[in-house]
Amino acid sequence: MNHVYVYDGDYLSLLNTIFYLLKTNQKVENIKPENYSPTLFENIIHFNIPKQDHLLDQIIQSFGISVARAMYYVFLSEEEKKELLLYYFVYYALKYRKKIMYQRNLKCVREVLRISNYVLHESHKLKGFLRFQELQNHLLYAEMSPTNDILFLLSCHFSKRLKNEFWIIKDVKRKIISIYDKKKFVILSEREFKLSLEKENDQEKMIEDLWKTFYNTIGIQERKNDRCRMNFMPKKYWKYITEVRDEL
Amino acid sequence: MDLQEKLKILADSAKYDASCSSSGSNRKSKHGVGNTALSGICHSFASDGRCISLLKILFTNCCIFDCKYCLNRRSNSIKRAIFTPEEVCSITLNFYRRNYIEGLFLSSGILKSPDYTMELIIKTVSLLRHKYHFHGYIHAKAIPGSSQKLVKELGLLVDRLSANIELPTENELKRLAPNKTSQNVSSIMNYVNQNQSKKYVPAGQSTQMIIGATKESDLDIMNKSASLYRSFHLKRVFYSAYVPINKDSYLPSIICPPLTRENRLYQADWLLRFYHFQVKDLLDFKHPNFNTMIDPKADWALRHFDEFPKEISTCSYYDLLKIPGIGVKSAKRILTARKHFTIHFEDLKRMGVVLKRAKYFILCNGKYFINHKWFQKEWIEKNLVLEEKIEKEENNMEQLRLF
């Protein structure tokens, strides 16, 4: 029988669980979010421990801000055993403190670096690849379906860049949306907020066509290099990118 | 003429400019729209694999100059168009709000006179900044021959300003671009260099050279670049493989743009800026051109074979940088890692150091990656050439079709 520890699903609750497990010295085989469906041979253990809000500050203070960031990025990833990875990482981080990232010969350090970089890269790519369309009342609306859960990171970026606009970004894969009202953004699940949007619009079509014209003109025929384009702009994103959607 | 057609013509005329970077500026949005990202953001990639981050257009492709290599030269009979400042603003803002672009790249053919053209560019950019409160990235071209007052004015509005040097030597410039002088270009560069600050051209200046339209060697080109970096502190020199658009007795008759050569120049450019190499290390009068088969750093290493193999656990940062296949990031990683544990070949791989080329030139704790008797120049050279060939084939480079 495998023991699986479950947590609420949010980051703070995961940290709570990890620190509690380390403190009480329990044997850990797996950690999973609440909504996960266990197999026959798994024994689910759920603790009701009071949430300690100071954990985040504690991590920043003892491991440094860049380590704290990297850990959060790992949490945002879709890696199957990310919870267990963070558990091992915290175990070693408590030992090496701020020097933990130099311990590249430890597998969990390499993995945390690899995965956090992957999440950060994807969020950077989507900062470029996200496409808004304008709906009625100047509302900007974008859809995406990224591999990792980067909606929060993107919302931070666009709340600075498109400060004086109303916008909505929807993560189609996770069914969550981020709504911004010129002051701050909130992230809601689709169940909490039903979107009903009218998308067809002549003015919008004209601007999309203008953009497609620009896109198709700017490439130099004599230097055509599809492979290079694909390396930089992987096909998995094309569905939501206005100018290449039609090429799919 | 409708906007669609205008955009088509004026983007088509602007596409041969290589620069599209949007990095180096950290403009914050106060009121209005937009900011800039220090790292730059690529928004799309064109069919040729080049990044699109800026709306790259000419204000007009009408031009009183007759530069032989240019699509927009006076003597070409092509469709001409001209934007109004309001049109440029409207397209830029509409694209920016939808996150199509990071900002505007505005260049222009010379209309009436350099000063007149500069004034049009300034009018457009100032409209964007002051009327529409646009705080995104703007890269503008300074028109050679325009007055210093206008260069000053434009620099206060944009993030990056650039003037294209086009060709590495004065003689060739005179031959192919009779209306331009390198004096005009360098006086702009000099002015920008002396006044650059957080307020004035915050992202610095860049320039571009055309590769393969003239007979100059790689040595001439690299010497020119090095002197530009030295005297004007340019952020970038771009190299643009000559695309045969015009038929002219002054121009070489080639079918494909020299992409491999362009690639080699960029590699060497990086060696100058980040790897502490000098032009004289890479090229000399006996070897004025880069080896097309091997990248410049590996080529240098083979010519200085007695300095290798280098011991990873003891050699200095500068020596690490001289090892083919090891870049700035890898060198720094090795430096920090070796303080904490002894590095073996497997550790290098795990640290993300690419060993494909590096393995031939290094020792880890006195050990070579295979039996030390294989550490021979000819054998390594053969392998490097082979690997580069495979890489090229994978990338399906255009040149190979010619071979």
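A polar contact here is a pair of N or O atoms within 3.5 Å; within protein, one atom must be able to donate a hydrogen and the other to accept it. By that rule, 23 residue pairs are in polar contact across the interface of chain B and chain A, both residues at pLDDT 80 or more. The model is predicted.

Stay with this interface. Chain B and chain A bury about 5000 Å² between them. Of that area, 56% lies on carbon and sulfur atoms. In chain B, B:R97, B:R98 and B:Y100 lose the most area to chain A, together 15% of what that side buries. The contact takes 59 residues from chain B and 50 residues from chain A.

Charge also bridges the two chains. There are six salt bridges between chain B and chain A. A:R161 pairs with B:E102 in a salt bridge, with the closest N and O atoms 2.7 Å apart. Several elements of chain B give two or more residues to the side that touches chain A, among them α2 (85-97), α8 (259-274) and α15 (377-395). α1(B) gives the most, with six residues. By class, this side of chain B has 25 nonpolar, 18 polar and 16 charged residues.

Now look inside chain A. Domain 2 of chain A contributes seven residues to the contact with domain 3 of chain A, which contributes six. These two domains bury about 600 Å² between them, 49% of it on carbon and sulfur atoms. Two salt bridges are counted between them. A:E208 forms a salt bridge with A:R245, the closest N and O atoms being 3.9 Å apart.

How values were computed. Residues are numbered from 1 along each chain as its sequence is written. Chains are lettered from A and ligands numbered from 1 in the order in which they are written. This is a predicted model: local features need pLDDT of at least 70, side-chain atom pairs count only at pLDDT 80 or more; totals for chains, interfaces and linings use all residues. Side-chain values use heavy atoms; hydrogens and water are left out. Contact means heavy atoms within 4.5 Å. Buried area is the accessible area (1.4 Å probe) that two parts lose on being put together, summed over both. A salt bridge is a side-chain nitrogen of Lys or Arg within 4 Å of a carboxyl oxygen of Asp or Glu. A polar contact is a pair of N or O atoms within 3.5 Å; within protein, one must be able to donate a hydrogen and the other to accept it, and residues adjacent in sequence count only if both atoms are side-chain atoms. Helices (H or I, at least four residues) and strands (E, at least two) are DSSP runs, numbered from the N terminus. Ala, Val, Leu, Ile, Met, Phe, Trp, Tyr, Cys and Pro count as nonpolar, Asp, Glu, Lys and Arg as charged, and the others, Gly among them, as polar.
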